[in-house]
Amino acid sequence: MLFLFIDGLGLKPPATDNPVNSEVCPALCRLIANHSKPIDACLGVEGVPQSATGQATMFTGVNCSQEMGKHCEGFPGLELRKIVEEDNIFIELKRRGKRVRFADAYLIDDVSELADRRFKSVTTVMALTVPESISLTEDLADDRALMQDLTRETIQDKYPDIPVIQPQRAAEHLFAIARENDFTLYEFFQTDVSGHSLDYTRACEVLRLYDRFLSSLVRFTEAAGITLVITADHGNIESMSQRGHTLNKVPFIAFGPYENFIRDKVSSLVDVTPAILEAFDK
């Protein structure tokens with residue numbers, strides 16, 4: 001199974017401020033139209049959904065917004081970290097004897113450098129619970145990991161020896177990683193960054209880039225019988241006239257052998273990890 005986490009992608013009817021449309025990102029829109037359902041990201045808590053609690057909920061099956069009594073943004077605090085560290089999808093799959101991999105590369109030479117960081121994202125906290133899942137600089141250089149921007153353009157000033165690649169090539173790399181593991185996670189957050197910018201042109205550029213990657217990846221996973229799961233922690237980029245996150249539902253896409261089994265069990269972010277684990281237990 002290959003899990004694509006797209007930060008800040010919500011669902012909204014066609015509008016002049018919504019770049020998530022078939023002209024900008026046709027592959028993504030086809031998946032949304034034919035292989036997805038809208039799911040709740042608000043989690044029964046007043047206020048606008050935020051990254052820390054949304055992601056923690058997605059990867060643990062615990063309603064972390066309710067546990068915290070609010071939506072928590074940015075990096076998780078100590079209490080939220082504890083929930084993720086105690087149990088998450090990586091830990092559960094490892095207990096089942098499955099190989100898990102976080103495909104996003106950290107530009108470090110040793111995992112200890114990551115553990116020492118003061119501020120960690122939810123996905124980083126989770127990856128550290130299964131250290132062998134973590135991808136390092138050498139993995140990126142050997143095409144065994146991806147950069148969060150897909151093309152590696154953002155690291156050229158510090159790592160000029162790691163060449164820029166096209167998004168289609170990034171799809172090839174991720175597919176090769178997925179074939180070597182039982183569960184692979186790739187996180188893309190440029191959607192959320194561009195959503196906060198209020199720059200419609202920039203948002204379209206990000207979505208077009210990701211769509212080129214996704215179009216190739218879908219063909220690879222379909223041919224190999226890999227189930228592809230795609231979802232988001234909250235909305236943002238679908239409403240470019242609004243700087244913050246949205247209350248919109250997010251897409252839950254499942255495409256491949258287990259798509260109906262998984263999709264039918266998910267109605268909110270709370271259900272994502274339990275549904276995936278149940279599919280692995282079949």
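Which residue just after α10 takes a positive phi? The residue is L198, with a phi of about 65°.

The model is predicted: local features need pLDDT of at least 70 and side-chain atom pairs count only at pLDDT 80 or more, while totals for chains, interfaces and linings use all residues. Residues are numbered from 1 along each chain as its sequence is written, and side-chain values use heavy atoms, with hydrogens and water left out.

**View 1. The open sheet of 6 strands**. The strands follow the order β2-β6-β5-β1-β4-β3 with mixed pairing; strands are DSSP runs of E with at least two residues, helices are runs of H or I with at least four, and both are numbered from the N terminus. Two strands pair if DSSP finds at least two bridges between them. The edges are held by β2 (36–39) and β3 (100–102), each with a single partner strand, so one side of each has no neighbour in the sheet. Direction ignored, neighbouring strands of this sheet are turned by 15° against each other on average.

View 2. Strand β5 (residues 228–231) pairs with strand β6 (residues 250–255) in the antiparallel sense over 3 bridges, and V229 stands opposite A254 in β6. Helix α1 (residues 26–35) lies across β2, β5 and β6 and runs at about 85° to β6. Helix α2 packs on the sheet, touching β1, β4 and β5, and its direction makes about 165° with that of β1. Contact means heavy atoms within 4.5 Å; axes are lines fitted to C-alpha atoms, for helices over the stretch in contact, and angles run from 0 to 180 degrees between N-to-C directions.

View 3. Rings of Phe, Tyr and Trp (its six-membered ring) pair if their centres lie within 6.5 Å; planes under 30 degrees apart count as stacked, over 60 as edge-to-face and the rest as tilted. By this rule the count comes to 11 aromatic pairs. The rings of F3 and F59 have centres 5.7 Å apart and planes at 50°, so this pair is tilted. For F183 and F280 the centres are 6.4 Å apart and the planes at 70°, so the pair is edge-to-face. One aromatic cluster is formed by F3, F5, F59, F90, F183 and F280.
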